[in-house]
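Have the sequence and the 3D view open side by side as you read.

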Amino acid sequence: MSSSVEDRQHGAHFVEEPLEQRAVSPADHVADPGPLGLAAFATTTFVLSAFNAGMVPKTLEAVVLPLALFYGGTAQLLAGMWEFKKANTFGAVAFTSYGAFWLSFAAYVKFIAPGLPAAGAGTATGLFLLAWTIFTAYMTVASLRTTGAIAAVFVVLLATLILLVFGTLGGSAGAGQIGGYLGLVTAFLAWYASAAGVVNATWKRSVLPVMPLS
């Protein structure tokens with residue numbers, strides 16, 4: 001109570017300024033995190049898909065784990081947090097979720113999969129992929145109001161996951177391999193969208209078109 005009296009006596013005011021009247025500091029300006037998130041997703045997807053497509057021996061697949069942990073996982077998760085800062089709901093949900101996907105994938109492969117019974121390993125992996133397929137399905141619908149470049153990434157990613165689910169749950173090696181090739185296409189589409197974001201921002205004009213849909 002005494003401090004309140006002193007505050008009034010000294011003319012102190014603790015009424016917060018309206019948001020629109022506050023000075024904007026340099027910290028309020030955040031660079032577009034989209035190209036980072038897309039590059040992280042593309043790079044990790046490319047390396048894993050090379051194994052799924054049968055282009056690289058499975059015995060070397062552990063090389064995916066550090067990428068999934070640090071680039072596809074951590075960097076993409078950070079991109080999602082910055083998208084929240086920019087009030088971009090789609091980007092925030094997409095990058096945060098797929099960053100968590102790669103982190104959980106790395107943990108699953110390293111700590112969980114080795115302890116699963118061989119007869120049920122395919123079912124466990126298929127269920128994991130099925131859950132992400134459902135998420136990707138409604139994110140694909142949302143992507144149709146972003147840009148053609150982003151929508152293309154999600155459409156092909158959805159097809160990739162569907163084939164990988166068939167490959168694991170249905171035991172179809174052919175479906176899984178085709179899913180691997182589609183994963184490579186997904187990676188290149190994501191790299192294109194990332195490159196467009198970086199190049200267009202740097203050149204201050206549309207060098208690589210992204211075809212806005214909204």
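Gly-179 counts as buried because its relative accessibility is 1%; buried means under 20% relative accessible area, exposed over 50%, and partly exposed in between, using a 1.4 Å probe and protein chains only. You'll find Gly-179 in helix α7. Helices here are DSSP runs (H or I, at least four residues), numbered from the N terminus. Leaving out residues up to four places away in sequence, Gly-179 touches Thr-160, Leu-163 and Leu-164, where contact means heavy atoms within 4.5 Å. Its C-alpha is 9.7 Å from that of Val-156, 23 residues away along the chain.

A quick word on what you're looking at: this is a predicted model, where local features need pLDDT of at least 70 and side-chain atom pairs count only at pLDDT 80 or more, while totals for chains, interfaces and linings use all residues. Numbering runs from 1 along each chain as its sequence is written, and side-chain values use heavy atoms, with hydrogens and water left out.

Among the buried residues of α3 are Leu-65, Ala-68, Gly-72, Gln-76 and Glu-83, and their cover includes α2 and α4. α5 has 26 residues and reaches 37 Å, close to the 38 Å expected. Its buried residues include Gly-126, Leu-129, Trp-132, Phe-135 and Met-139, and the buried residues of α5 pack against α4 and α6. Here's a handy rule: an α-helix has 3.6 residues a turn, so residues three or four places apart point the same way.

What about the loop between α3 and α4? Ala-87 is found there, with a positive phi near 60 degrees even though it isn't a glycine. Ala-87 counts as exposed because its relative accessibility is 66%. Met-211, in the segment after α7, also has a positive phi, about 55 degrees, and is not a glycine either. Met-211 is exposed too, with a relative accessible area of 51%.

Let's head inside. Setting aside neighbours within four places in sequence, Phe-41 is in contact with residues including Gln-76, Tyr-98, Trp-102 and Ala-190.

Where is there empty space? Rolling a probe the size of a water molecule over the atoms shows where it is left. A pocket is an open set of points on a 1 Å grid over the protein atoms alone where a 1.4 Å probe fits, with protein on both sides within 12 Å along at least five of seven lines; lining residues have an atom within 4 Å of a point. The largest pocket holds about 700 Å³ of space. Of its 33 lining residues, Leu-48, Asn-52, Glu-61, Phe-105 and Leu-129 are closest to its centre. Volume here is the space filled by probe spheres set on the points, with grid points joined across faces, edges and corners. The second largest pocket has a volume of about 470 Å³, and Gly-34, Leu-38, Phe-95, Thr-147 and Ile-150 lie nearest its centre.

Conventions. Helix = DSSP H or I, 4+ residues; strand = E, 2+ residues; numbered from the N terminus. Expected span 1.5 Å × (residues − 1).
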